[in-house]
Amino acid sequence: MASLNVGNLGEYLREQRRNAQLSLRQLADAAGVSNPYLSQIERGLRKPSAEVLQQVAKALRISAETLYVRAGILDEREREELETRAVILADPSMNERQKSVLLQIYDSFRRENGFEPGPESGVAAGSETGGESGPDAGDDTASKLSKASKPSAPSTPSTPPKPSKAPKPSTPEEPSH
């Protein structure tokens, strides 16, 4: 079988597996894929699906988006945009409304700078995101973002009406000097 051009995905996976001090069999078990299939991926003979890459990334405790880029599923800019969105969505110090507004501003700046927001932009209204952190915090980024609805376009804040400058009525109780 001829080697597929999968952007050095296999080499990268092998390096990550060795860094994690896992055997091929251990990683295959942890990821829920067969040992021969994982071996073929590492040798560049198979191109895995996004789902398999996500399982392998989770087992290795690395970013699935990085694997998507190496496999040619995402381009680098899309990965950076997804990771930025994932960080915003995972921030426990902001509520959902604040996250939604921040993502709208982010999209606005991207448009202003000539980039179209990705198809995955937005936050589901009222969804609750946990405050995960650590190496696998963004494992389900793609699934979270694919379920998110696109927010409405940011509206220009309306200016509050100016207070009227009607003359202050004088009251008879006030002494005039």
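Predicted model: local features only at pLDDT ≥ 70, side-chain atom pairs only at ≥ 80, totals over all residues.
Figure 1. Is Glu11 buried or exposed? Glu11 counts as exposed, because its relative accessibility is 52%. Glu11 and Glu42 are separated by 31 residues in sequence, yet their C-alpha atoms are 6.1 Å apart in space. Glu42, for its part, is buried, with a relative accessible area of 6%.

**Figure 2. A salt bridge between Arg17 and Glu42.** Here we stay with Glu42 and look at its charged partner. Side chains of opposite charge can pair when their charged atoms come close. The side chains of Arg17 and Glu42 do this in a salt bridge, with an N to O distance of 2.7 Å. Distant parts of the chain are linked by this pair: Arg17 belongs to helix H1 and Glu42 to helix H3, 25 residues apart. Arg17 counts as buried, since its relative accessibility is 9%.

Figure 3. Which residues of H2 are buried? They are Leu24, Leu27, Ala28 and Ala31. These four lie on the same side of H2, because they cover an arc of only 100° around the axis. Among the elements that cover these buried residues are H1, helix H3 (35-42) and helix H4 (50-60). On the face turned away from the buried side, you will find the exposed residues Arg25, Asp29 and Ala30. Just after H2 comes Gly32, with a positive phi of about 75°.

**Figure 4. Arg110 and Glu81, a pair joining helices H7 and H6.** Arg110 and Glu81 form a salt bridge in which the closest N and O atoms are 3.2 Å apart. Arg110 is in helix H7 and Glu81 in helix H6 (residues 76-90), so this pair ties together parts that are 29 residues apart in sequence. Arg110 and Glu81 are both buried.

**Figure 5. Lys99 and Glu96, a pair within helix H7.** What distance separates the closest N and O atoms of the salt bridge between Lys99 and Glu96? That distance is 3.4 Å. Both residues lie in helix H7, three residues apart, which is about one turn of the helix. Lys99 and Glu96 are both buried. Elsewhere, salt bridges with shared partners join Glu81, Arg85, Asp107 and Arg110 into one network.

**Figure 6. A nonpolar surface patch that includes Ile105.** Val101, Leu102, Ile105 and Phe109 make up a nonpolar patch on the surface. Together they have about 320 Å² of accessible area. Ile105 is part of helix H7, residues 96-112. Ile105 is classed as partly exposed because its relative accessible area is 38%.

**Figure 7. Model confidence along the chain.** A friendly word before you use these coordinates: the protein averages a pLDDT of 73, and 62% of the residues score at least 70. Where is confidence highest, and where is it lowest? Helix H2 (residues 24-31) is highest, at a mean of 96, while helix H8 (residues 141-147) is lowest, at 39. Over residues 1-5 the pLDDT is below 50, and this stretch has nine contacts in the model beyond near neighbours in sequence. Residues 120-161 also stay under 50, and for them the model has 63 contacts beyond four places in sequence.

Note on methods: Residues numbered from 1 in each chain as written. Heavy atoms only, no water. Patch = residues over 30% accessible without salt bridge, like charges linked within 9 Å, V, L, I, M, F, W, Y side chains within 5 Å. Areas by Shrake-Rupley, 256 points an atom, 1.4 Å probe, with all protein chains shown as cover. Salt bridge = Lys/Arg side-chain N within 4 Å of Asp/Glu carboxyl O. Helix = DSSP H or I, 4+ residues; strand = E, 2+ residues; numbered from the N terminus. Buried < 20%, exposed > 50% of the residue type's maximum accessible area, 1.4 Å probe, protein only. pLDDT = per-residue confidence, 0-100. Contact = heavy atoms within 4.5 Å. Arc of directions from axis to C-beta.
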